[in-house]
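Please find below a short note on the model.

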There are 2 protein chains.
Amino acid sequence: MKKVQVYITLKQGVLDPQGKAIQTSLHSLDYPEVEDVRVGKYIELQVEDGPELEKRVTQMCEQLLANPVIEDYRIELEEARSL
Amino acid sequence: MKKVQVYITLKQGVLDPQGKAIQTSLHSLDYPEVEDVRVGKYIELQVEDGPELEKRVTQMCEQLLANPVIEDYRIELEEARSL
C-alpha cells in the first residue's frame, strides 16, 4: 500500500475569489500582514502499489482530480504505514 | 515577505463524503487500486514577516482557516521569492 499526496493549486493568473474572501476576513480579524491568499486542494490517496503507480496517479489527476485548464497538480509518493 | 503553507485535513475517524465520492468515481474510471481517498485544503499565504509570524498564523488557523472540531492543520514556513 502506498500513500500518495496530491497538491492541486490554481494556475498563476487565475483569479481566486475564495482566497480573496479569506484574505478580507483575515484583515477584519486584525491580521493586516496577510498580503495574498491562494486556496487549493490537498488529496491523500491510499493506493495498492504497482509498477505504473506514478503514471496511473498522473492519469487520475488529468482525468478527474484536477482541472488542467485552470489548475496545476503535484504528486508526492510516500511509504504508507500498514493500516 | 514569507510564504506560509497551511495543510488542513479531516481528523481521523471523521467521515469524508467528498473523498468517498472521488473514490467511487476513480473506481468507475477503472482505477480499482485506490483503497481510500481523503480530501483536505492547501492554503498558501503571503505574509509580511514578523517576530510572531508562526504564532499569528496558528491563531489564523484556530480562528478562521480550520475547524478545530473536525480538522487538523499543519503549518510550513518557506522563504518567499520577492514578488
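The points below concern a predicted model.

1. Aromatic pairs. Over all chains, the structure holds 5 aromatic pairs. In one of them, the ring centres of Tyr7(A) and Tyr42(A) are 5.3 Å apart with the planes at 35 degrees, so this pair is tilted. Tyr7(A) belongs to strand 1 (residues 2-10) of chain A and Tyr42(A) to strand 2 (residues 34-47) of chain A, so the pair ties together parts that are 35 residues apart in sequence.

2. Burial of these two residues. Relative accessibility is 6% for Tyr7(A), which counts as buried. Tyr42(A), at 3%, counts as buried as well.

3. Contact between chains. The rings of Tyr7(A) and Tyr42(B) have centres 5.8 Å apart and planes at 70 degrees, so the pair is edge-to-face. Since Tyr42(B) lies in strand 2 (residues 34-47) of chain B and Tyr7(A) in strand 1 of chain A, the pair joins two chains. Both Tyr7(A) and Tyr42(B) are buried.

4. Cluster and charges. Tyr7(A), Tyr42(A), Tyr7(B) and Tyr42(B) are linked by ring pairs into a cluster. Arg74(A) lies over the face of Tyr7(A), 4.2 Å from the ring centre. In chain B, the charged end of Arg74(B) sits over the ring of Tyr7(B), at 4.2 Å from its centre.

5. Helix 2 of chain A. The end C-alpha atoms of this helix (residues 53-65) span only 16 Å, whereas a straight helix of 13 residues would span 18 Å. Its buried residues include Leu53(A), Val57(A), Met60(A), Cys61(A) and Leu65(A).

Key:
Residues numbered from 1 in each chain as written. Chains lettered and ligands numbered in written order. Predicted model: local features only at pLDDT ≥ 70, side-chain atom pairs only at ≥ 80, totals over all residues. Heavy atoms only, no water. Helix = DSSP H or I, 4+ residues; strand = E, 2+ residues; numbered from the N terminus. Expected span 1.5 Å × (residues − 1). Buried < 20%, exposed > 50% of the residue type's maximum accessible area, 1.4 Å probe, protein only. Phe/Tyr/Trp six-rings, centres within 6.5 Å; stacked < 30°, edge-to-face > 60°. Lys NZ or Arg CZ within 6 Å of the ring centre and 35° of its normal.
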